Amino acid sequence: MNRIGKSVNTKDNGQFQVQHSHEDELRRFQIELEKELGLHQQKKNQWFDPVPRQFLAKDRATTTILFGGLTMVHDYLVEGALKGLGYQIKHLDCPDNESLRFGKEFGNRGQCNPTYFTVGNLIKYLCYLRDVEGKSKEEIIRNYLFITSGSCGPCRFGTYVTEYRKALRDAGFDGFRVLLFQQQDGLKQATGGESALKLDTSFFISFLKAVLLGDILNALGYRIRPYEVEKGATEAALSRCKQHLYDALSRRRWLIPALIRCRKELQAVRVDRTQVKPKVSIIGEFWAMTTEGDGNYQLQRFLEQEGAEVDVQSVTAWILYLIWEGRYDTLRRMNLRESDSGHYGLQGKKPILHLRMLWVADRALRIMFQMYAKIIGLYNYHLPDMDEIARVAHEHYDNHLRGGEGHMEVGKLILNVKKRKVNMTISVKPFGCMPSSGVSDGVQSLITEKYPETIFLPIETTGDGAINVYSRVQMMLFKAKQAAQQEFNEALTKKGFTVEQLQKVATRSKFIHPLQTSRHVVACTAANAVYGTCRFTGELFFRRNKEEIEGV
């Protein structure tokens with residue numbers, strides 16, 4: 001046994017020595033290659049992105065702030081609001097496919113659509129300043145800076161500013177300043193140093209007014225434009241409305257006279273709400289569902305051209321969601337045995353006071369929105385109830401999960417179906433968007449099984465797949481049109497009228513008023529107008545005029 005054991009040990013030791021020799025040879029080969037390539041260093045330092053020059057108060061008068069990323073109405077009104085505070089500011093045009101080309105040329109590989117479009121849009125404008133207007137690189141870096149949004153998370157938001165710097169550096173604008181508006185931390189200079197922006201009450205109120213007014217104008221446009229009698233009348237009226245509000249914000253005038261002038265502009269638009277159109281809601285990743293350009297294949301306008309009424313999500317709803325997050329997290333943390341000292345903890349804070357402040361912020365935001373909405377003529381428009389959305393979504397998508405829109409996309413789809421808010425829901429997201437893809441392609445499949453009447457379409461945008469997306473939208477839109485027509489026919493049957501009779505009555509009812517809307521019963525606007533007109537005029541009116549109507 002000993003002899004056998006010794007022979008086995010000798011054999012194992014020989015194999016070990018051979019293996020050890022091979023490892024030493026490979027290690028020496030690795031060291032030699034690293035020396036040849038210049039990779040061999042005695043001390044390895046952590047990668048560091050150098051900080052561009054600070055934005056100081058003395059540069060404020062000569063520095064133009066560039067920004068963009070919301071809808072075209074929002075960007076225009078925010079420009080007016082900040083100009084009224086004394087800033088030199090300019091909003092960028094809506095990103096197009098040329099912006100995508102710049103983004104892919106100078107950006108990192110494998111980024112998502114919004115990054116390519118937004119980064120490329122900035123570089124495209126800076127190249128225009130250099131190549132067309134003849135400004136030097138030094139002049140551009142000295143006299144311009146850019147504000148963008150960002151956040152922590154599993155996607156592009158976590159490294160947004162770094163991606164901007166890399167693309168700007170490769171495009172020849174190394175040192176260009178970028179300010180970051182954090183999703184939860186407010187505005188701060190991501191490039192380091194103290195920001196020259198005065199983040200006081202006037203700044204936030206002016207910015208908030210622009211956001212609210214942008215949401216209201218967008219809601220009115222999407223409500224009126226599908227039913228306009230004269231093509232282009234709504235867009236012309238909205239253009240004049242934007243100018244009225246821009247002038248009031250930039251000159252820091254009272255908004256109510258401007259809102260009244262806007263209402264008069266919109267009241268002049270002629271509409272015909274006997275047209276049966278399906279209502280389609282666009283939800284999903286924030287940038288993809290908000291932008292109105294090539295970044296989502298101009299989805300809003302495409303749907304309108306195909307005969308649909310579009311329901312868009314408001315930026316105000318996103319602010320309400322952030323307020324809800326603060327309330328939810330505070331309520332969950334305040335019952336812990338010890339105060340949490342983390343970044344979002346409650347150590348040294350007064351949670352009850354914090355909750356009251358968040359409640360006041362929620363109520364103030366809703367009151368401001370409804371006040372402006374009623375003056376300008378946006379009636380029967382309700383901001384979402386965030387507690388209700390969280391409640392219906394929690395069973396399928398935990399409220400603790402964050403990233404993207406969190407649980408909101410799930411809650412919106414459920415409420416769209418249960419309350420018959422829309423005939424069809426489209427979730428739009430960039431290709432490879434992790435938070436949205438997990439919801440749209442995963443959780444929502446369970447929702448559509450639970451509610452078989454759901455017409456739901458998830459689409460991804462890459463910048464070059466418009467034909468495929470348009471084809472898929474058209475196929476699902478056919479079902480939505482059938483659903484809207486069915487709602488309209490049921491409304492006529494319940495009220496006992498034919499289309500011909502209704503058209504006669506429609507000339508003297510809410511069917512032709514651009515701002516008045518009927519009580520919500522179903523998704524289709526024309527069907528709601530049938531219910532609303534009959535309720536408004538009363539059955540007696542129709543019986544008295546039945547002979548006149550049938551004689552037409």
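**Reading cavities, core and salt bridges**

Q: How much space lies in the second largest cavity?
A: About 40 Å³ of space lies in the second largest cavity, where a cavity is a set of points on a 1 Å grid over the protein atoms alone at which a 1.4 Å probe fits but cannot get out, and the volume is the space filled by probe spheres set on points joined across faces, edges and corners. The model is predicted, so local features need pLDDT of at least 70 and side-chain atom pairs count only at pLDDT 80 or more, whereas totals for chains, interfaces and linings use all residues. Residues are numbered from 1 along each chain as its sequence is written, and side-chain values use heavy atoms, with hydrogens and water left out.

Q: Which residues line the second largest cavity?
A: Lining residues have an atom within 4 Å of a point; here they are F286, M289, Q313, S314, A317, W318, E405, M408 and K412.

Q: What volume does the largest cavity have, and which helix gives the most to its lining?
A: The largest cavity has a volume of about 120 Å³, and of the 14 residues that line it, T71, N218, Y222, V312 and Q313 are the closest to its centre. Helix α7 gives the most to this lining, with four residues.

Q: How many residues does the largest nonpolar core have?
A: Such a core joins buried (under 20% relative accessible area, 1.4 Å probe, protein chains only) Ala, Val, Leu, Ile, Met, Phe, Trp, Tyr and Cys residues through side-chain atoms within 4.5 Å. The largest has 77 residues, with L77, L245 and L378 making the most contacts inside it, and helix α7 (residues 201-224) contributes the largest share, nine residues. Leaving aside neighbours within four places in sequence, L378 is in contact (heavy atoms within 4.5 Å) with I216, A219, L220, R223, F369 and A373.

Q: Are R366 and D362, which form a salt bridge, buried or exposed?
A: In a salt bridge, a side-chain nitrogen of Lys or Arg lies within 4 Å of a carboxyl oxygen of Asp or Glu; in this pair the closest N and O atoms are 2.9 Å apart, and both R366 and D362 are buried. Because they are four residues apart in helix α13 (residues 351-376), about one helical turn separates them.

Q: Where in the chain do R301 and E235 lie?
A: Their side chains meet in a salt bridge at 3.1 Å, N to O, which links distant parts of the chain, R301 in helix α11 (residues 299-305) and E235 in helix α8 (residues 233-250), 66 residues apart.

Definitions and conventions. Buried means under 20% relative accessible area, exposed over 50%, partly exposed in between (1.4 Å probe, protein chains only). Helices (H or I, at least four residues) and strands (E, at least two) are DSSP runs, numbered from the N terminus. On a 1 Å grid over the protein atoms alone, a cavity is a set of points where a 1.4 Å probe fits but cannot get out, and a pocket is an open set with protein on both sides within 12 Å along at least five of seven lines; lining residues have an atom within 4 Å of a point.
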